[in-house]
Amino acid sequence: MYKEYSPCSILAPFIYHFWEYKGETRSGLKFNIPPHGCSDFVFIVGNAADCIRNGLIMKPYHSYFFGPMNTFTELVAHTNFIHIIGVRFRPCGLFRFIDIPLNELTNQGIDSHEFPVLFSQSFIYQLCESNQNPIDAIEHELVRQVYKNNTDTEKQISYAVSLISRQKGIVSIKELATEACLGLRQFERKFKFYTGYSPKEYSRIVKFWNAIHLLKSNTSFDNFLSVAIQAGYYDTPHLYREVKRLSGNTPNAFLSLSTNEKVEVLHIEL
């Protein structure tokens, strides 16, 4: 079962949500997880799934950092039960905690042993062995680090990210640079530094998610052209190619999804 939990008000400017996936699986079950324009720290508090795309085999009682991804990540379960907790940072939110250019971490899946910048291995062990709610423990640690660190994203880039979201990914890069009061090259360089994406890549991901939400509310294959146009794609083939590239699925998979179904895990197959 997949659940999301809102962060406290102190963390809300930097973190979208905490998430938890806990439940029975079958060996060979595959998950395609699309990019969200964000970074995640993932805690394996029970059995894990192998991360195929990044060549990373996740181990129980470890934590991992997943940087900004520009295509879907495939996971495959090799156990009968999985318990994973994640922290999803906002596009510029991670910079409050670690002073590392995000473009150096794009498409990276890293064991915290090799990347002990936010959560130590001793913290992971305590998290798995304690009777305390693990999400509460993670939140408490992040609040402590917020007060300890003063680094923050430049306001022009945060504003550009919010503008892309408001425009649902349909906005020109020149317009974004102008709104941010930066030259085009300087804007593109800073945007990538703070988010791990070029402005164009990030806009494509936002545009893709808008298309997914539109598909969820449709019930007919006849509406694909309408969805494509509303989402800012030239035609249906463009919509198909982009959804397939970012999710590993065709648009058909998203028709008529019920409102309580999550699209965090977009594709599950045996």
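Colleague: Of the contacts with a separation of 6 or more, what share comes from residues 24 or more positions apart?
Modeller: That's 71%, where contact means heavy atoms within 4.5 Å. Bear in mind that this is a predicted model: local features need pLDDT of at least 70, side-chain atom pairs count only at pLDDT 80 or more, and totals for chains, interfaces and linings use all residues. Residues are numbered from 1 along each chain as its sequence is written, and side-chain values use heavy atoms, with hydrogens and water left out.

Colleague: OK, and how many helices and strands?
Modeller: Eight helices and eleven strands, taken as DSSP runs numbered from the N terminus (helices H or I, at least four residues; strands E, at least two).

Colleague: Why call helix 6 largely enclosed?
Modeller: Because 14 of its 18 residues are buried, meaning under 20% relative accessible area with a 1.4 Å probe, protein chains only.

Colleague: Switching topic, where's Gly-248?
Modeller: Gly-248 lies in the loop between helix 8 (236–247) and strand 11 (267–269).

Colleague: Buried or exposed?
Modeller: Buried, at 14% relative accessible area. Beyond neighbours within four places in sequence, Gly-248 contacts Asn-32, Phe-72 and Val-243. Its C-alpha is 8.6 Å from that of Ile-33, 215 residues away along the chain.

Colleague: And which way do strand 3 and strand 8 pair?
Modeller: Antiparallel, over four bridges; pairing takes at least two DSSP bridges between the strands. Lys-30 has Val-76 of strand 8 as its bridge partner, and four of the five residues in strand 8 (73–77) are buried.

Terms used: Buried < 20%, exposed > 50% of the residue type's maximum accessible area, 1.4 Å probe, protein only.
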